[in-house]
Amino acid sequence: MLTAILIMALGALVLGAALGFASIKFKVEGNPLVEKIEAILPQTQCGQCGYPGCKPYAEAIADGEAEINLCPPGGMEGVRKLADLLGRDVKPLDAEEKPKQVAIIDEQTCIGCTLCIQACPVDAIVGAAKQMHTIVESLCTGCELCIKPCPVECIRMETISENIDNWKWKYPVVELKRVA
Amino acid sequence: MLQLFKFKGGVKPDPKKTPSVQMPIGIAPLPPLLIVPLHQSIGGKPNPLVEAGDRVLKGQLIGGADQWLSSAVHAPTSGTVLAVEERLAAHPSGLPTLSVVIEPDGRDAWIERTPLDYTALEPERVREILRDSGVVGLGGAVFPSHAKLAAAKSVPMDELIINGGECEPFMTCDDILMRERAEGIVLGSGIFRDLLKARRVLVGIEDNKPEAVAAMKAAVEKLGENFEVIAVPTRYPAGGAKQLIRVLTGKEVPASKRSPEMGVQCFNVATAYTAWRAIVHGEPVLSRIVTLTGNVEQPRNWEVLLGTPLKDFVALGKPKSDTDRYLMGGPMMGFELPSLEAPLVKATNCIIAGSPSLFPPPAPEMPCIRCGACADVCPHELQPFEMYWFARARNFGKTQEYNIFDCIECGCCSYVCPSHIPLVQYFRFAKSEIWSREREKNMADAAKARFELRNERDEREKAEKAERLARAAAAKAAVKKAPPESGSEALSGDTSVAVAAAAPLDADAAKKAAIAAAMERARQQRESVQPKNTEGLTVAQRKEIAEIEARRAPLQAEE
Ligand code: SF4
Ligand code: SF4
Ligand code: SF4
Ligand code: SF4
């Protein structure tokens, strides 16, 4: 009887030690939930969710402080993915869904004040003081943060239209209707 | 006789090839206008090298390859460039692409052509010439050939496969090329063999083309080559690169590998022919053989200039009055052309005029009964019904688990499906969605990295500024303490002059103190903005800096 108790106690000790060791050795850096949420957010960094960037919003969601339907660039698809991940209910998006856009500077009007560079969260604008500025289209996330600061209102948003490089095959049902 | 292997699956559609091989290759007349898209191959987009108003010669480079995986385009005839603008492309999307519009002058005047002895050139140079001659896979995939012409480092190249399979129904452009221009194909294959240092060359031709097999055998014999010309059983898609490799060598190339890693490479017969023209005759790719067949009075193969508007081209075949659509490529893998305004390109191997009787409208799609017929015919041993199920539900992760990217879109599964499900269309849809998501994901990751970098930079700059201010404040406080009242007065700028006039003696001391304070401030400022790249320098570098400082010292004193 005593030996049995001793063996069980010993087993518990060894396993406990092993678990304790494992939890230190394989400790996960950062908060994995925040990272998973952030991977779903579109990284537009526009602040439309009311947080200064996608990461703070991800943290707020992980802490249960924020709703999952506040990110307009992510659209309904983003809300659905977040609901899936977190086991929450799907809610309609708290804004209008917009197609993806890019900002364009009218280079004739630009006075080179550098205000837009300071506003751009993803370093997509190049230029220098008193020089013409321009936006690198492939880097622009379409966050619209550069529009307001421009004193001469020379930045506009343009919808990225379908072209031969980003064209996608459509869902087949559409074509069947066309044939019928 | 070589032992042949079998690939799994496959179907036997009605070949319908005979009508278009009754006549020899016709030379298509010069159209009134040529529209040459700049992006005609897989890979980078060539940059336009001409502008409206320029005169060009036949064979002149009009679009230069912009990277290694890219291919040049040339003026198909001499004439005047009318515009470099977006024009409708021969693409299922019906969207435009940047094209050079040329009005031919009818003289067909060539650039200077320099024939080359490729054996005297570096292999690297030969590949460059092929790229700048616009040689791409003419089987329809238009992959730049030069990029396929390097053997893997560790694997010797055992077999070079020359693909004359041409398994698609209706299509005969490779068949007729082998019948009429076999020697050019053999010579081009020889160039490929020498570049790849391939041990054996196998020419695979479906056994429903006995004339082509005979012509190729005769050419090989005449040129004294040791190529093996092999008739392979006719079964769609035997002309698929992976299927032909499998049949001739028994090697199975998975989607994750490139075929040189398995010691084998495969080229289409027409590609070999154009490579020979490019190297030995100095002629870039300006035209190709295209089958025009289907619902037309005169089915035939034509040698056509690239950039010929399709409406001019199809007129050569005299389409019958009930023609209601045109397909580019074969009926299995091709697509319906959105408009005949688009030009003919390097990928155009076949144009089929369709009518309601030739291609009856598809029967309505019915639910999948999981009969497994599609899986039986899939040459890649996939499970189309599973992929279809998940593609339909837009569950793209699952389609990838079922290896959707191994699918070559051969259409065998759609062909046999008793429920008439357009399976391939679902797979194309799923694949392009996955690609676009991947693009978006990469862009989001890059944006996130830039955002984080920027935040870090902002923070650093803020910290540096705060430090600077703190130091300046400290210095100010120190100065204030040293020369009691007058110092602070002198520091307040303009007033110091007035003060100096009133009490010259006192002002002198104050001035000195003020200057000292200003210099101290300046020194501190200089220090705080010193770039931090002065740590860990070598002795020589430090000596150099000391010398420069010594030289600068007198100049600074002058100031
Ligand atoms: S609204 Fe969306 S994209 Fe914009 S910062 Fe918030 S999470 Fe990022
Ligand atoms: S804010 Fe407007 S004016 Fe100023 S640099 Fe940017 S684009 Fe030019
Ligand atoms: S052939 Fe058609 S019905 Fe049969 S399992 Fe495949 S998809 Fe389903
Ligand atoms: S289209 Fe794809 S899934 Fe269908 S048979 Fe061909 S390879 Fe298999």
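The shell around ligand 2 holds 10 nonpolar residues, three polar ones and no charged ones. Here Ala, Val, Leu, Ile, Met, Phe, Trp, Tyr, Cys and Pro count as nonpolar, Asp, Glu, Lys and Arg as charged, and the others, Gly among them, as polar.

Before I go on, the ground rules. This is a predicted model, where local features need pLDDT of at least 70 and side-chain atom pairs count only at pLDDT 80 or more, while totals for chains, interfaces and linings use all residues; side-chain values use heavy atoms, with hydrogens and water left out. Residues are numbered from 1 along each chain as its sequence is written, with chains lettered from A and ligands numbered from 1 in the order in which they are written.

Back to ligand 2. Which residues come nearest? Out of 13 around ligand 2, they are A:Cys110, A:Cys113, A:Thr114, A:Cys116 and A:Cys150. A residue is near a molecule if one of its heavy atoms lies within 4 Å of it.

Now ligand 3. There are 13 residues around ligand 3, and B:Cys368, B:Cys371, B:Gly372, B:Cys374 and B:Cys417 come nearest. By class, that shell has 10 nonpolar, two polar and one charged.

Then ligand 4. Of the 13 residues around ligand 4, the nearest are B:Cys378, B:Cys407, B:Cys410, B:Gly411 and B:Cys413. The classes here are 11 nonpolar, one polar and one charged. Three helices of chain B each supply at least two residues of the shell around ligand 4: H9 (384-392), H11 (412-416) and H12 (423-481). Helices (H or I, at least four residues) and strands (E, at least two) are DSSP runs, numbered from the N terminus.

On to chain A. Chain A has six helices and four strands. In sequence order the pattern is α-α-α-α-β-α-β-β-β-α. The radius of gyration is 25 Å, well over the 16 Å that the globule rule gives for 180 residues, so chain A is more spread out than a compact globule. That radius is taken over C-alpha atoms, and the rule is 2.2 Å times the number of residues to the power 0.38. Along its principal axes, the C-alpha trace of chain A spans about 90 × 60 × 30 Å.

How much of chain A is buried? Buried residues make up 31% of its 180 residues. Buried means under 20% relative accessible area, exposed over 50%, partly exposed in between, with a 1.4 Å probe and protein chains only.

Look at helix H1 of chain A, residues 2-25. Its 24 residues should span 34 Å at 1.5 Å a residue, and the end C-alpha atoms are 34 Å apart, which agrees. The expected span is 1.5 Å times one less than the number of residues.

A:Ala60 sits in helix H3 (residues 54-62) of chain A. Is A:Ala60 buried or exposed? It is buried, at a relative accessible area of 3%. Neighbours within four places in sequence aside, A:Ala60 is in contact with A:Tyr51, A:Glu65 and A:Ala66. Contact means heavy atoms within 4.5 Å.

Next, chain B. Chain B has 16 helices and 17 strands. Of its 559 residues, 48% count as buried. Residues 24 or more positions apart account for 74% of the chain B contacts with a separation of 6 or more. In chain A, the corresponding share is 48%.

Why call helix H2 of chain B, residues 173-180, largely enclosed? Because six of its eight residues are buried. Those are B:Cys173, B:Asp174, B:Asp175, B:Ile176, B:Leu177 and B:Met178.

Now the cores. A nonpolar core is a set of buried Ala, Val, Leu, Ile, Met, Phe, Trp, Tyr and Cys residues joined through side-chain atoms within 4.5 Å. The largest one has 76 residues, and B:Ile185, B:Met216, B:Phe313 and B:Ile351 touch the most other members. Helix H6 (residues 269-280) of chain B gives the most to this core, eight residues. A second, separate core has 22 residues, including B:Cys374, B:Tyr388, B:Phe396 and B:Phe429.

B:Met216 first. Beyond four places in sequence, B:Met216 is in contact with B:Met178, B:Ala182, B:Ile185, B:Val186, B:Val203, B:Ile205 and B:Val229.

Last, B:Tyr273. B:Tyr273 lies in helix H6 of chain B. At 13% relative accessibility, B:Tyr273 counts as buried. Residues up to four places away aside, B:Tyr273 touches B:Leu177, B:Arg181, B:Gly184 and B:Ile185.
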